[in-house]
Amino acid sequence: LKYYSKFTFQGIATGKDEVFFLKEDEIKKLNLERDILIPIFKGKDINKYNSKWGGTHIIYPYDKVSNKVICENDLKNYYPNIYNYLLSKRDLLKGRGYFDKSNKLWYELWCERNFEKFQQKKIVNAEIAPENRFQLESKGFLGNTKIFSTVLKEEWNNKYLMLLAILNSKLMNYYHKRIASPKAGGFFDYKTQYIQTYPIRFSDDVIIFDTLVSIEL
């Protein structure tokens with residue numbers, strides 16, 4: 001898989017999920033500005049072919065193009081409700097290890113990743129799962145640290161559904177369980193070091209694979 005991949009990357013680390021992760025009811029209650037609230041997947045949201053998104057949004061206080069942090073003045077002026085919410089949680093945002101000694105602003109995420117990477121068509125999987133569970137994502141959802149995303153090189157852009165069928169196959173499920181670290185309760189590790197070694201060979205018959213996978217989606 002590594003040969004066909006542009007990159008595989010891990011999701012965002014906030015350092016304080018209890019502050020930055022919000023559900024719809026709280027967003028409405030606090031009337032938080034939607035522009036910097038982005039839907040985000042957690043590991044438990046990912047299933048084979050389709051997700052069961054739990055409705056979690058993340059406060060993402062960065063410019064979506066430059067990935068630079070929104071300065072405190074702009075955050076206060078343009079997103080006053082989010083700013084006041086974060087201000088009310090400021091004490092909780094302390095104590096994030098190296099973060100407090102870094103140059104990061106107090107309301108930043110621990111590791112924000114590159115926003116544009118998430119905006120590409122990608123195949124996502126959870127870090128821990130009982131079986132191969134991969135799905136196609138093209139709506140720009142972010143992922144937390146328990147989510148891994150794989151983006152194909154441009155020349156293989158028409159192979160996403162084919163790859164999805166292969167990754168979710170019984171054969172790849174068998175292969176993965178032969179190479180990956182087992183976890184408690186029948187679960188397995190699905191980190192980059194394992195999935196990038198999958199032996200993949202694409203067929204020229206794209207239509208058959210696309211049709212079969214479309215039935216599952």
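Buried means under 20% relative accessible area, exposed over 50%, and partly exposed in between, with a 1.4 Å probe and protein chains only. Lys and Arg count as positive, Asp and Glu as negative; His and the chain ends are not counted. A salt bridge is a side-chain nitrogen of Lys or Arg within 4 Å of a carboxyl oxygen of Asp or Glu.

This is a predicted model: local features need pLDDT of at least 70, side-chain atom pairs count only at pLDDT 80 or more, and totals for chains, interfaces and linings use all residues. Residues are numbered from 1 along each chain as its sequence is written, and side-chain values use heavy atoms, leaving out hydrogens and water.

**Glu 33**

Glu 33 is buried but has no salt bridge. The nearest side chain of opposite charge belongs to Arg 34, 9.4 Å away. Glu 33 sits in the loop between helix H2 (24-30) and strand S3 (37-41). Helices (H or I, at least four residues) and strands (E, at least two) are DSSP runs, numbered from the N terminus.

What does the side chain of Glu 33 have a polar atom 3.1 Å from? The backbone nitrogen of Ile 82. A polar contact is a pair of N or O atoms within 3.5 Å; within protein, one must be able to donate a hydrogen and the other to accept it, and residues adjacent in sequence count only if both atoms are side-chain atoms. Contact means heavy atoms within 4.5 Å. Leaving aside neighbours within four places in sequence, Glu 33 is in contact with Tyr 78, Tyr 79, Pro 80, Asn 81 and Ile 82.

Helix H6 (residues 160-167) is mostly covered, with eight of its eight residues buried. Among them are Tyr 160, Met 162, Ala 165 and Ile 166.

**The four-stranded sheet**

Strands S2, S4, S3 and S8 form an open sheet in the order S2-S4-S3-S8, with mixed pairing. S2 and strand S8 (142-143) stand at the edges, each with a single partner strand, so one side of each has no neighbour in the sheet. Two strands pair if DSSP finds at least two bridges between them.

S2 and S4 are antiparallel, over two bridges. Phe 21 has Ile 58 of S4 as its bridge partner. S3 and S4 are also antiparallel, over three bridges. S3 and S8 run parallel and are joined by two bridges. Ile 40 has Leu 142 of S8 as its bridge partner. Four of the five residues of S3 are buried, so S3 is largely enclosed by the rest of the structure.

His 57 lies in S4. His 57 is buried, at 8% relative accessible area. Its side chain reaches the backbone oxygen of Gly 55 at 3.5 Å. Not counting residues up to four places away in sequence, His 57 touches several residues, including Phe 21, Ile 27, Leu 37 and Ile 40.

**Salt bridges**

The count comes to ten salt bridges.

| Pair | Distance |
|---|---|
| Glu 127 and Lys 146 | 3.5 Å |
| Glu 127 and Lys 191 | 3.6 Å |
| Glu 131 and Arg 133 | 3.4 Å |

Glu 127 lies in the loop between strand S5 (122-126) and strand S6 (128-129), and Lys 146 in the loop between S8 and strand S9 (147-152), so their pair ties together parts 19 residues apart in sequence. Glu 127 is buried at 9% relative accessibility. Lys 146 is partly exposed at 43%. The pair of Lys 191 and Glu 127 links parts of the chain 64 residues apart. Lys 191 lies in the loop between strand S10 (188-189) and helix H8 (192-195). Lys 191 is partly exposed, at 29%.

Glu 131 is partly exposed at 27%, and Arg 133 is partly exposed at 25%. Salt bridges that share partners join Lys 48, Glu 131 and Arg 133 into one network.
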